[in-house]
Amino acid sequence: EPDVVEKPSLTPSDLEFVVRFTEECAGEQFKQLVHSLCPTIYGQEMVKAGLILSLFGGVRKNLGGEGDVPLRGTIHSLVVGDPGLGKSQMLKAVSSVAPRGMYVSGRSVSKAGLTATVMKDPGTGGHTFEAGAMVLSDGGVCCVDEFDKMPNEHKALLEAMEQQSVSVAKAGLTATLPSRA
């Protein structure tokens, strides 16, 4: 099935770590994960818990029946708070922990940097697709910091977040790229 995102395989040493971690935490695994995320930021347990849950995501489901409409399993989180609470540091920590994590700042990212664009190759003269942060983080986590500082790029995220794909039509090329992040 092409819609399934590949999950990382676990090595025997990974499994040994999971068993040891479970034994050492004695039923407090989630609490330990929350405190392990960005330990330089004191407190903010609820925000960290929400970000940890976003890392794990949900389960993609299909409604049985005629249309077989898939329901996305990814979770979108919005972190709002006063300046100086460490939101940026927590988002950077989440993106560094995730297997396919991307972090972008709303101050410096463009629509093409978020989604995708078509670029002309100077060597061959042909056109190629260049993936943005949402496409590169397919199957992982894409953290967009300073969301309020990018008023013109919000529309670019609507399709990527709702349909979990990015459509590109430029220079005679059309494509729909996955962005299940």
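In the predicted model, strands β3 (residues 101-105) and β6 run parallel and are joined by five bridges. Within this pairing, Gly101 is the residue that stands opposite Val141 of β6. Strand β6 covers residues 141-145, and five of its five residues are buried, so the strand is largely enclosed by the rest of the structure. The side chains of β6 are divided between two directions: Val141, Cys143 and Asp145 point one way, while Cys142 and Val144 point the other way. Residues on both sides of the strand are buried.

Cys142 has a relative accessible area of 18%, and because the limit for a buried residue is under 20%, Cys142 is classed as buried. Cys143 likewise counts as buried, at 5% relative accessibility. A search of the whole structure for disulfides finds zero. Cys142 is accordingly in no disulfide, the nearest cysteine sulfur being that of Cys143, 6.9 Å away. For Cys143 the closest cysteine sulfur is in Cys142, and the separation of 6.9 Å is too far for a bond, because a disulfide requires the two sulfur atoms to lie within 2.5 Å.

The secondary structure consists of seven helices and eight strands. The chain has 181 residues, of which 30% count as buried. Its accessible surface comes to about 11900 Å², with 56% of this area belonging to carbon and sulfur atoms. Of the contacts between residues at least 6 apart in sequence, 53% join residues at least 24 apart.

In soluble globular proteins, nonpolar side chains tend to be buried together. In the present model, the largest nonpolar core contains 18 residues. The residues with the most contacts inside this core are Val104, Leu114, Ala116, Cys142, Val144, Met150 and Val166. Two or more residues are given to the core by each of β4 (116-120), α6 (133-136), β6, α7 (154-162), β7 (165-170) and β8 (173-178). Helix α6 gives the most, with three residues. Another core, of 14 residues, lies apart from this one and includes Val34, Ile41, Leu51 and Val94.

Leu55 has a relative accessible area of 22% and is partly exposed. When its neighbours within four places in sequence are left aside, Leu55 is in contact with Val94, Val97, Ala98 and Val141. The C-alpha atom of Leu55 is separated by 9.7 Å from that of Ala181, although the two residues are 126 residues apart along the chain.

The structure holds one aromatic pair, formed by Phe17 and Phe21. The two rings are stacked, with 5.9 Å from centre to centre and 20° between the planes. Both residues are in helix α1 (residues 12-25), where being four residues apart separates them by about one helical turn. Phe17 counts as partly exposed, with a relative accessibility of 46%.

How values were computed
Residues are numbered from 1 along each chain as its sequence is written. This is a predicted model: local features need pLDDT of at least 70, side-chain atom pairs count only at pLDDT 80 or more; totals for chains, interfaces and linings use all residues. Side-chain values use heavy atoms; hydrogens and water are left out. Buried means under 20% relative accessible area, exposed over 50%, partly exposed in between (1.4 Å probe, protein chains only). Two strands pair if DSSP finds at least two bridges between them. Contact means heavy atoms within 4.5 Å. Accessible areas come from the Shrake-Rupley method with a 1.4 Å probe; for residues, only the protein chains shown count as cover. A nonpolar core is a set of buried Ala, Val, Leu, Ile, Met, Phe, Trp, Tyr and Cys residues joined through side-chain atoms within 4.5 Å. Rings of Phe, Tyr and Trp (its six-membered ring) pair if their centres lie within 6.5 Å; planes under 30 degrees apart count as stacked, over 60 as edge-to-face and the rest as tilted.
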